[in-house]
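Please keep the structure open while reading.

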Amino acid sequence: MQDSARVVIIGGGVVGASVLYHLARAGWTDALLLERSELTSGSTWHAAGGFHTINGDPNVAKLQQYTIELYKEIEELSGQATGVHQTGGVLLASTPDRMDWLKSTASRAAYQGIEIEIISPEEAHAAFPLMDPSKFIGAARTQVDGHLDPSGTTYAYAKSARKLGATIETHTRVTGLTRTHDGWLVHTDKGDVRAEHVVNAGGLWAREVGRMVGLELPVLAMEHMYLLTEDMPEVAEINATTGKEVIHAVDFDGELYLRQERGGMLMGTYEKACVPWSPRDTPWEFGHELLQPDIDRIAPSLEVGFDHFPAFQDAGIKQIINGPFTFAPDGNPLVGPVRGLPGFWSACGVMAGFSQGGGVGLALANWMTDGDPGFDVWAMDVARYGDWATLSYTNPKVQENYARRFSIKFPNEELPAARPHKTTPIYDRLLGLGAQMGDSWGLEAPLWFSPDETRDVFSWRRSTDFDHVAAEVRACREGVGIMEISGFSKFAVRGPGARAWLDRLFACKIPAPGRMALAPLLKEDGKLQGDLTISCLAEDEFFLAGSGMAEVFYMRWFETHRGEEEIEIVNHGLGLLGLSIAGPKSRELMQAVTGEDVSNDGMRFMRVRRMDVGMAPCIVGRVSFTGDLGYEIWMKPEYQRSVFELLMQAGEPLGIRPFGLRALNAMRLEKNYGGWGSEYRPLYGPLEAGLDRFVAYGKDAAFIGKAGALAERDTGGALRLRSFVVEAEDSDVIGDEPIYLGDDCVGWVTSGGFAHHAAASMALGYVPRKDADADGPWSIEVLGKRLPARLQHAPIFDANGARQRG
């Protein structure tokens, strides 16, 4: 076996083989894949082998489309059959809520290029005669769904990679990893291999590979069962009548998926009574084995299946397959570079390997060879989890996700497993005020407040929070509101090289002492990598704040681009907490709790300084995401409770009221403010996103992405972010709805909701630059219905900024 390679890939399942192929195709032929047993050992060999394009994240859906289109390429290159059967399928709905979900899914497909059609139960029955149409109220017909041979597909990737020059060593177990000054030393039972890069594609053993470098990855294997029937006469009749095999079907409310397997059918289930497999350690000796079936555990789902698909009642069961698959807490893969471990890459947690494996391989290969995945892969980025995602957190969260695999996740629904996890010192006080909490990157954060103990009713339509959120908005717009903002990501950058480093990293003009700046962070190609604020506390000391879910994502970027400057970068995490007050009476409240001059003369908009709030030393910035007059107050955890109590007491005569994230969303929409993860993503340039006014194109520093930003400015970019007022009925946009100009689908919604102060349903989204200022007619499709929309050029609230600047 060779003793060195540019990259070593650990794991010979479909994902590892895909990564190897894509690296070799990109020119990294000095790539070595190590597999402890045979290729496909672990989860790949016993997979049901289904594939589809539908995904809740449109960016992941694009990678799934790529994966399916790739199979012809690797089959031709390798000469290895993949066994692809692209039958199409039906997605079945037996409840009105599920039918609404299907309509939303079909709407998204309009701009994703995915062919999907809403059909009646009778039309679904014609396409899939095994179903009882009386058990359903509607369906969606898809064209690209299908299945393949898992082993054949994996070997097609592997043989293609070998033809391009890559190397595979089977029966070679990795026993350890050691970091060296220029890469990694990969210890195996056949000797050591030096490598610049290591990819963890360990599948069932991904945790064990992670632990070799001190990393606890948030993955857990779950037992998963499907059954194979004996030959069925009904299947033979469909084959003879149509000349085709039976198409795929998904019965979401029955938690079932079905497809033809030889002369019979395959029926699989994501049962509620799910069971984790080997929840702490994966045995190294496990390989091409199956687990003991437990038909009693899946009996409730099978009973639904026999009722909804009567032909199964008389079918004999030939075999029940029970094998383990790995999942992350949200069901998406864990892909990308691992922060703090240069040259160590993750490609694991890919439970839908035959829908996503090709896309994962492409994105990771791009990332390794070009420094960028080439796609917006946030939904799969390993950086979306921090070290708070412990083993004890991960296991119940994965079980919850598995049990809900086919369940509807409503836009206002909060899931209970592994909560509460992270809390702040005022958590109990907020609960006492009626806070309805949400999970914000593991932190309990108030969504809205219910003084009368009203609870959310999960729905696609406006829920029981509506009037309460309206009251919170009214308090902010007419008096003063208070909100906890501890969930932001927060960083300190200090040292004599701090200003020069920030100037190189960020596209904005770096503020002078006592000032703040909105700070776009760009990738090398000029697209958005982040959206933060920079506060200059002293010439060599800066405070940065951004989206909480991007904390590890940002730190990884900072460390990767650290350079030679003499600086210290500190991730505050929950070592620094925050409160925000907003509204026309917020200055009066601020003045009551500090001896500093916070008048407009003493503290103008976008100014920042240290000051005591009550007895607590704080950092105070005059800024608010509500778009109103407001202040952000930052303090150490030991001071948060006293500052909160002081503000509540001093604010009582001013009518102070706590508000949550839903009210904040309503108010930022009125200002056309975008947010990271929705409007601001690596898909868009600063001009397209409306952030170009914060880009210092002419500054001397050769900031990252400068050439790309200048090119976008010169060409005008392809898209524009626009705001719309929607003639909604009883439901508002949530994101990913299609935007129509006349009869043409031209764009997509990034976020939206009801703007209570303006009493308007609003949406933000991207449309082509050539259409961005068209008069219309505009419409946005919500739950399968096109609703008239009006382009809203100026913010609907405080268009000239008089309130926030006054």
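The paragraphs below go from the backbone to the sheet and then to the aromatic side chains.

The model is a predicted one. Its backbone contains a cis peptide bond between Arg 419 and Pro 420, with omega at about -5°, and this Pro 420 belongs to the loop between helix H10 (391-403) and helix H11 (427-432). A cis peptide bond also joins Gly 776 and Pro 777, where omega is about 10°; Pro 777 lies in the loop that runs between strand S36 (760-768) and strand S37 (778-782).

For Asp 798 phi is near 50°, and the residue sits in the loop between strand S38 (785-791) and helix H19 (802-805). Is Asp 798 buried or exposed? With a relative accessibility of 13%, Asp 798 counts as buried, because the cut-off is under 20%.

The sheet comes next. Six strands form an open sheet with mixed pairing, in the order S29-S30-S31-S28-S22-S32, and its edge strands, each pairing on one side only, are strand S29 (608-613) and strand S32 (657-658). Strand S22 (residues 481-484) runs parallel to S32 and is joined to S32 by two bridges, with Gly 481 standing opposite Arg 657 of S32. Helix H16 (residues 637-651) packs on this sheet and touches S22, S28, S29, S30 and S31, its direction making about 20° with that of S28. Helix H15 (residues 586-593) lies across strand S28 (577-582), S29, strand S30 (616-621) and strand S31 (630-635), and runs at about 35° to S31.

Which residues does Trp 378 contact, leaving aside its neighbours within four places in sequence? These are Ala 383, Arg 384, Met 549, Ala 550, Phe 553 and Arg 681. The C-alpha atoms of Trp 378 and Pro 682 are separated by 8.8 Å, although the two residues are 304 residues apart along the chain. Trp 378 is also part of one aromatic cluster together with Phe 491, Trp 501, Phe 506, Phe 553, Tyr 554, Phe 558 and Trp 676.

The count of aromatic pairs comes to 34, and two of these pairs are set out here.

| Pair | Distance between ring centres | Angle between planes | Arrangement |
|---|---|---|---|
| Phe 252 and Phe 406 | 5.4 Å | 80° | edge-to-face |
| Tyr 684 and Tyr 766 | 3.7 Å | 15° | stacked |

The pair of Phe 252, in the loop between S13 and S14, and Phe 406, in the loop between H10 and H11, links distant parts of the chain, 154 residues apart, and both residues are buried. Tyr 684 lies in the loop between helix H17 (661-670) and helix H18 (706-715) whereas Tyr 766 lies in strand S36, so their pair ties together parts that are 82 residues apart in sequence; Tyr 684 and Tyr 766 are both buried.

Charged groups also sit over rings. The charged end of Arg 713 is placed over the ring of Tyr 697, 4.8 Å from its centre, and that of Arg 786 is placed over the ring of Tyr 740, 3.6 Å from its centre.

Methods
Residues numbered from 1 in each chain as written. Predicted model: local features only at pLDDT ≥ 70, side-chain atom pairs only at ≥ 80, totals over all residues. Heavy atoms only, no water. Helix = DSSP H or I, 4+ residues; strand = E, 2+ residues; numbered from the N terminus. Buried < 20%, exposed > 50% of the residue type's maximum accessible area, 1.4 Å probe, protein only. Pairing = 2+ DSSP bridges. Contact = heavy atoms within 4.5 Å. Axes fitted to C-alpha atoms, helices over the stretch in contact; angles between N-to-C directions. Phe/Tyr/Trp six-rings, centres within 6.5 Å; stacked < 30°, edge-to-face > 60°. Lys NZ or Arg CZ within 6 Å of the ring centre and 35° of its normal.
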